[in-house]
Amino acid sequence: MMDGKKQRKVIPFPNLSERLVDKGLEALKNKQFKEALSLFYEVLELGEERAEIHLGIALCLMELGELEEAKSVCRKMLHEDIGDYFTVLQVYLT
């Protein structure tokens, strides 16, 4: 039996996170916010910490009516200097 930790034995395909980001951005563009959000979270689980992922998550959350969560994501981005400050600030203020 495992010691309570989830052990990963899966080796991701090359460029998997890049493909997931592309699919997430495409879903976001097509207003498929739940699908896009799921893809962006999957990329985060792979250890990617790019600004477009966090911004995509914030935009999806906004569109899905999860305003407090979206605000929290934007606040984190502003405090940790993730992404373009003025773009994030604009989303935060929206």
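Ser-17 counts as buried here, because its relative accessibility is 15% and buried means under 20% relative accessible area, with exposed over 50% and partly exposed in between (1.4 Å probe, protein chains only). Before going further, a word on what we're looking at: this is a predicted model, where local features need pLDDT of at least 70 and side-chain atom pairs count only at pLDDT 80 or more, while totals for chains, interfaces and linings use all residues. Residues are numbered from 1 along each chain as its sequence is written, and side-chain values use heavy atoms, with hydrogens and water left out.

**Helix α1**

Back to Ser-17, which sits in helix α1. Helices here are DSSP runs (H or I, at least four residues; strands are E, at least two), numbered from the N terminus. If you set aside residues up to four places away in sequence, Ser-17 touches Val-43, Leu-46 and Glu-48, where contact means heavy atoms within 4.5 Å.

How far apart are the end C-alpha atoms of α1? They are 20 Å apart, which agrees with the 20 Å that the 14 residues of this helix (residues 16–29) should span at 1.5 Å a residue. The expected span is 1.5 Å times one less than the number of residues.

As a reminder, an α-helix has 3.6 residues a turn, so residues three or four places apart point the same way.

**Salt bridges**

The structure holds four salt bridges, each one a side-chain nitrogen of Lys or Arg within 4 Å of a carboxyl oxygen of Asp or Glu.

| Pair | Closest N and O atoms |
|---|---|
| Arg-50 and Glu-18 | 3.1 Å |
| Glu-48 and Arg-50 | 3.7 Å |
| Glu-68 and Lys-71 | 3.6 Å |

Take the salt bridge between Arg-50 and Glu-18. The pair links distant parts of the chain, with Arg-50 in the loop between α2 and α3 and Glu-18 in helix α1, 32 residues apart. Arg-50 is partly exposed at a relative accessible area of 23%, and Glu-18 is partly exposed at 35% relative accessibility. Glu-48, the other Arg-50 partner in the table, is partly exposed with a relative accessible area of 23%.

Glu-68 and Lys-71 are another story: they are three residues apart in helix α4 (residues 67–79), so about one helical turn separates them. Glu-68 counts as exposed, at 57% relative accessibility, whereas Lys-71 is partly exposed, with a relative accessible area of 30%. Elsewhere, salt bridges that share partners join Glu-18, Glu-48, Arg-50 and Glu-52 into one network.

**Val-73 in α4**

Helix α4 also holds Val-73. Is Val-73 buried or exposed? At 17% relative accessibility, Val-73 counts as buried. Leaving out residues up to four places away in sequence, Val-73 touches His-54, Ile-57, Ala-58 and Leu-61. For one of these, Ala-58, the C-alpha atom is 5.9 Å from that of Val-73, though the two residues are 15 apart along the chain.

The search for aromatic pairs in the whole structure turns up one. The rings of Tyr-85 and Phe-86 have their centres 5.4 Å apart and their planes at 90°, so the pair is edge-to-face. For the record, rings of Phe, Tyr and Trp (its six-membered ring) pair if their centres lie within 6.5 Å, and planes under 30 degrees apart count as stacked, over 60 as edge-to-face and the rest as tilted. Tyr-85 is partly exposed, with a relative accessible area of 41%, while Phe-86 is exposed, at 62%.
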